[in-house]
Amino acid sequence: MGLEEEAGGSAKILPPTEQELSAELDTKLQKYLRGEGADLEALKDKKLKGQLFVREKLYGNSAKAAAKFEKWLMPSEGGYLEAEGVEKTWRIKQDQLTREVDILSSRNQYDIVLKDLGPYTLDFTPSGRYMATAGRKGHVAIVDMKSMELIREMQVKETVRDIVFLHNESFFAVAQKKYPYIYNRDGIELHCLKEHGAVSRLQFLKNHFLLASINKFGQLRYQDVTTGEMIGNFRTGLGRTETMQINPYNGVVAVGHSAGTVSMWKPTSAAPLVKMLCHHGPISALAFHPNGHLMASCGREKKIKIWDLRKFEVVQTIPGHHAKTLDFSQKGLLAAGTGSYAQVLGDFSGTQNYSRYMGHSIAKGYQIGKVSFRPYEDVLVMGHSMGWSSILIPGSGEPNFDTWVANPFETSEQRREKEIHSLLDKLPPETIMLDPSKIGTLRPYKKREKPTKEEIEAEKEAAVESVKDIALKKKTKGRNKTSKRVMKRKVLIDKAKKPFLEKQMLEEGKVAGKKRNLGEETELPASLKRFVRKKAAV
Amino acid sequence: MKVKVISRSTDEFTRERSQDLQRVFRNFDPKLRPQEKAVEYVRALNAAKLEKIFARPFIGAMDGHIDAISCMAKNPNFLKGIFSGSMDGDIRLWDIASRKTVCQFPGHQGAVRGLTASTDGSTLISCGTDCTCCLINVLSFPSCHADCACLHIQANAVYVGKNAYWAVDHQWGGDLFATTGARVEIWNHNRSQPVNTFEWGTDTVISVRFNPGEPNLLATSASDRSIALYDLRMSTPARKLIMQTRTNSIAWNPMEPLNFTAANEDCSCYSYDARKLDEAKCVHKDHVSAVMDIDYSPTGREFVTGSYDRTVRIFPYNGGHSREIYHTKRMQRVFCVKFSSDASYIISGSDDTNLRLWKAKASEQMGVLLPREQKKHEYQEAVKNRYKHLPEVKRIVRHRHLPRPIYKAKELRRTVIDAEKKKEERRKAHSTPGSIVTESVRKRRIIREVE
């Protein structure tokens, strides 16, 4: 309509260089538009059409403004690594990078060796500022990554299988031998979550404040950490589970089973949303892309498969990797940890074709347990059997953070305010669904069909049953005769059946009428006409 | 090889001194905000609930008259004052801020039927059933302070006519005013006899309003159920529209001066385009008894109506149903309503001798707001409007407590209307298609248009 004409007109006037700029703006615009506009031509209601036209125009303007101001609001463009000449990016080693990069960044490359306390697993806060690490033998530590300062370190004296931060760095949950425990930032034990039992993996949904846990038998539990209520307790029924991962796009929990299936769960239903057969062997690792459409899964048969979650189809199969852990970075790079080698794959052509980007091998004999990209930084941290290591992966982190979403330079006052605001915006567990943009849309119009015979029968039975449950008043003074009670009950049951029988009679009457009509059309032969009974004269 | 790695220096991202504001960085990328629709929905729900918590529209009552209030007038130059006239002839000027009487004017022997102020705010004109029309100079008294002593002022001029007067209105930007009673009479401030007279039919003309955009155009309603438009430049009346029931009051839309809304006896208000009177632009239905008075907001986007059923309702200018209803146990039949000139307050005058002051937006925070507060309010309003069609939010936004008689009356009306509709449908179904034609609601109550 009017908008299109305007765009066409301006395209003629602009000089060629400005046309390129506007093309660039268009790609940025697509990011902010959040999908296609509504089809207004199909509407017949003029008032609604006018109102929607105004609204669509407003959306367009706000998206254009956001795209235009990106230039000033988000000055930095992120990291990159370009190979010159013959060299390939995947052959570049970390010490080569150290020479090229500034001192502050080279401080992010280190190895921390803690020999006796078992394979280390780690978790980051959403801002990437704090890291929680836990060794299998009970060593738990919270580290401030900016200043490399150890905030708190403790020994829980039990086997620790997993550790997660809750909504901020003040609280973290540790999956210990018998139960998961919640600790304060100072190491004070706040809660012992007895209902969960011995869990093997923990995950935290930060928008919903739900702590999800899974044990080796495949029992999935959701607990609300603000009220302490257990929201869901489901038996997956698909066998032994090794992996659990949250899809940050829609809050769905994906569990990988030993039969090669991945099932996706939401806290409000006992049946899984999706069950996909991914691999021939047990699933060893799962990871989700931040845009919510891609999932990477690795099976024991040494293949990494990239799935498109909208169509549930394989986009790419990468052979030759038996990755025990997978992670996607904010910019879409995939890290796979196999043995003592970490491989980083990137999709550079934009067509979801992942190819080798970088690699790093740590000392031989160290087994990588978990790889995790640090949010908003170009850093990959690997937890292995002898401690943890950190390496630089240029181009993996989001360069521009939003203060109100995740702030690596958060002060304590900002942290407190954010906690309150996120509690006010806490989502109810019903909002977890495969397609989160369905909220606020119309349910598709379904034409109601006539109930089938079985349905009518079922309704009749249900009505009779409900009538039978009614308790009749027991009369006194000799009026409570058994025969009378039985008659009364019979009358009630007949009354309940009456509407169904009437409907049935109507239907039969219609059918009989149709039959009669058909009958009347066929004429009797002349010789038999005298035997036709004539209607008696009144 | 070319390498660049993200490295943020603390100085660039934190503040220099403790007196500075904290630095804020923004990235509006939707990727950083998963499940934004669900978050917006939760915020809409919370906004709806908070709105209901803060909804306290009644500010206060202005007590002083000893008989029912029949009419009110706004002073166009003075925001804080309102004139009111009662059925015993008493005219008062009120200070809205302190809710006290500033001045008491001598008034009339009988009921005061009409009050109006001239456009420059210097003269107050009142007319009553004692066949007199008073002109009072209102610039001479001191500015309105909350004083117990009410000044009594003498009238500047009293003009006597032949019949009782029913309504008065002043021309916008001119110095003519119109009184109605047996006929429509146009007066000048200085003449003691009307300059011009219009007569169409023999019935009393009960209300009059001058058009804000076209100063020579005026609309009147008469007790023969008609609405007539007059042009002062012509010597004859321009157009007449006859409806099925009587119109009690008319108000022109100040922002779209060609449209006016008529408050009718059949519990609805009809909005018309003055150029095309054969069909109503919009029918506003929600009252359960006759609508007595109507006034537009200066924004032209909504209007307030007062009705015989003891409620005051606020309607959008193009919507069929009211967005708000105000009622109190003590407020009896509402005879006049006025929207304040800053579109923030509503003043209603009723049968129980009180003028009541209400907020136009029930949960609005009055007073000076910080820009942050203002932005927050705007955001909450916008997010609530985006999700107000969803069942949970709709239930909270729509909820209004109705007094029992109104609730019952509404149900009764609903039953009656549904029954009539069903009958009509059945008649249609059992007759030849096309023989029975349903008239649209906008035309149904109009009998005919006369030139």
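Residues are numbered from 1 along each chain as its sequence is written, and chains are lettered from A in the order in which they are written. In this predicted model, local features need pLDDT of at least 70 and side-chain atom pairs count only at pLDDT 80 or more, while totals for chains, interfaces and linings use all residues; side-chain values use heavy atoms, with hydrogens and water left out.

In chain B, an unreviewed UniProt entry annotates residues 360-446 as "domain: Sof1-like protein"; such annotations may be inferred rather than shown by experiment. This stretch of chain B is 62% helix and 1% strand, with its end C-alpha atoms 32 Å apart (helices are DSSP runs of H or I, at least four residues, and strands are runs of E, at least two).

Turning to the rings, 27 aromatic pairs are found over all chains (ring centres of Phe, Tyr or the six-membered ring of Trp within 6.5 Å; planes under 30 degrees apart are stacked, over 60 edge-to-face, the rest tilted). An aromatic cluster comprises Tyr376(A), Phe401(A), Phe409(A), Phe13(B) and Phe25(B).

Finally, the charged end of Arg356(A) sits over the Trp90(A) ring, 4.0 Å from its centre (CZ of Arg or NZ of Lys within 6 Å of the ring centre and within 35 degrees of the ring normal).
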